[in-house]
Amino acid sequence: MTPDVTTRDWSQVLSQIRSHRDQAAFADLFTHFAPRVKAFLLRSGASETLAEECMQEVMATVWQKAHLFDPSRAAASTWIFTIARNRKIDALRKQRQPQPEDLTWGPETEPDQTDVVILQQETEELGRALATLPEKQRDLIERAYFHDLSHSQIAEETGLPLGTIKSRIRLALDRLRHAMRQLDRPK
Amino acid sequence: MTTDISHHLTEPLLMAYSAGTLPEAFSLVVASHVSLCDECRARLGAYDAVGGAMLEDCGVASLGANAYAETLARIAERPEAPVPPPSADLATFPAPLRDYVGGDLDAVQWRAVGGGVKQAILPTSADASVRLLSIPGGAAMPDHGHRGAELTLVLQGAFHDEDGTFARGDVEVADEHLNHRPVAARGVPCICLAATDAPLRFSGLMPRLAQRFLRI
Ligand SMILES: [Zn+2]
């Protein structure tokens, strides 16, 4: 196993789990993502006990649904984020999150490797774009994604008028959109 | 997938769905449109990728002492997920909607609300509501303005109003400023999935009656 976990290709690891039910790969994936999923849940307002339980549920779902992971459509972090988000809505807001119909691919078809590589590059670019956002913009995006805040709730928390919030999120997203242009195109 | 969709979801709706802040009723319409629309699926994928990047970058929490073993135990308790059935391309309703209805169009428990219009309210969290509407071809919906947001997805037939023509897969995003009078196109009944986050206000006496029966 690669010692430097930060440079691991997690989509590749997840594909191993998908295709070979590879338990060692799952252990590595767990080591990397479980603490992040739990941090995400804690920051969303879950108690320590609830965050631990939900994290375990999320990681169990990752194993169970690995056959649905398509590395040409989503990075591992993207896919795991959607599972964690759904669990968060279920546990913290007591609602269901209706899911788009899964795009299934036949048992023999493998994702197009060119698409996989392009998606991987775009995801790295997106990470860099996020990391270089001005503090204020990044803060708002974080609040939107982690604290389960609507635009108007953000306004209440910060005391800023709604129009300002909307345009700041807009501005942040416009900057992100540059990095996401490739992701935006229909496949 | 359909390629002739011309009315799509807005950026705020896609971002809110991705961040998980929409009421369940609106999420159902978003998920249903995305099921039919490759373009919005890709746009949603971009917002989910933002969420994924934030997840990568949001710090780490210390886990319970036996977190990994306990997770394996949870896995052992679960059945292997069955391979999902191939998407029912011939269905009128996309999968997330079939989930709420308990089947396709023929499984809907319609309730007549007058003028040939039928509706079925679907069970969701109380912060907004979502219903299926069936409007006879050529018939007009009652004139109404909105106090909140309304999101309407066409599943069969078509309607037109001040904003244009909406056919299968098209979604209309209306806010309190739009006072519209949708008319169903001639032919098959127009079947829509409509989410509202506030009671609609109808103008005129008949529509007021309809409002009571429609429970909008
Ligand atoms: Zn669309």
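First, the term. A residue is called buried when its relative accessible area is under 20%, taken with a 1.4 Å probe and protein chains only. Keep that cut-off in mind. And a caution: this is a predicted model.

So, buried or exposed: what is B:H33? Its relative accessibility is 0%, so B:H33 counts as buried. B:C40 also comes out at 0%, and therefore it is buried by that cut-off.

Why pick those two? Both sit on the zinc ion.

What is the geometry at the zinc ion? Tetrahedral, with 4 donor atoms and angles of 97 to 125° among them. For reference, the ideal angle for four tetrahedral donors is 109.5 degrees. Along the chain, the zinc donors are spaced as H-x24-H-x3-C-x2-C.

Staying with cysteines. How many disulfides does the structure hold over all chains? The count is 0. Take B:C190, which is in no disulfide. Its nearest cysteine sulfur belongs to B:C192, 3.5 Å away.

Now chain A. It splits into domain 1, residues 10-96, and domain 2, residues 114-184. Domain 1 puts 12 residues into the contact between them, and domain 2 puts in 9. Together the two domains of chain A bury about 950 Å², with 58% of that on carbon and sulfur atoms. How many salt bridges cross that domain interface? The rule finds 1. Elsewhere on the list for chain A, A:E142 and A:R43 form a salt bridge, with their closest N and O atoms 2.5 Å apart.

Last, the chain pair. Interface size is often quoted as the accessible area lost when the parts come together. Here chains B and A bury about 5900 Å² between them, 60% of it on carbon and sulfur atoms. On the chain B side, B:M54, B:L55 and B:R78 lose the most area to chain A, together 12% of what that side buries. The contact draws 65 residues from chain B and 70 from chain A.

Salt bridges between chain B and chain A number 6. There is also the pair A:R85 and B:D48, whose side chains meet in a salt bridge at 3.3 Å, N to O.

That's my tour. Over to you.

How values were computed: Residues numbered from 1 in each chain as written. Chains lettered and ligands numbered in written order. Predicted model: local features only at pLDDT ≥ 70, side-chain atom pairs only at ≥ 80, totals over all residues. Heavy atoms only, no water. Donors = N, O, S within 2.8 Å, 3.2 Å for Na, K, Ca; no water. Tetrahedral: all angles 85-135°; square planar, octahedral: opposite > 155°, others 65-115°. Buried < 20%, exposed > 50% of the residue type's maximum accessible area, 1.4 Å probe, protein only. Disulfide = S-S within 2.5 Å. Domains from an automatic or database assignment. Contact = heavy atoms within 4.5 Å. Buried area = accessible area lost by both parts, 1.4 Å probe. Salt bridge = Lys/Arg side-chain N within 4 Å of Asp/Glu carboxyl O.
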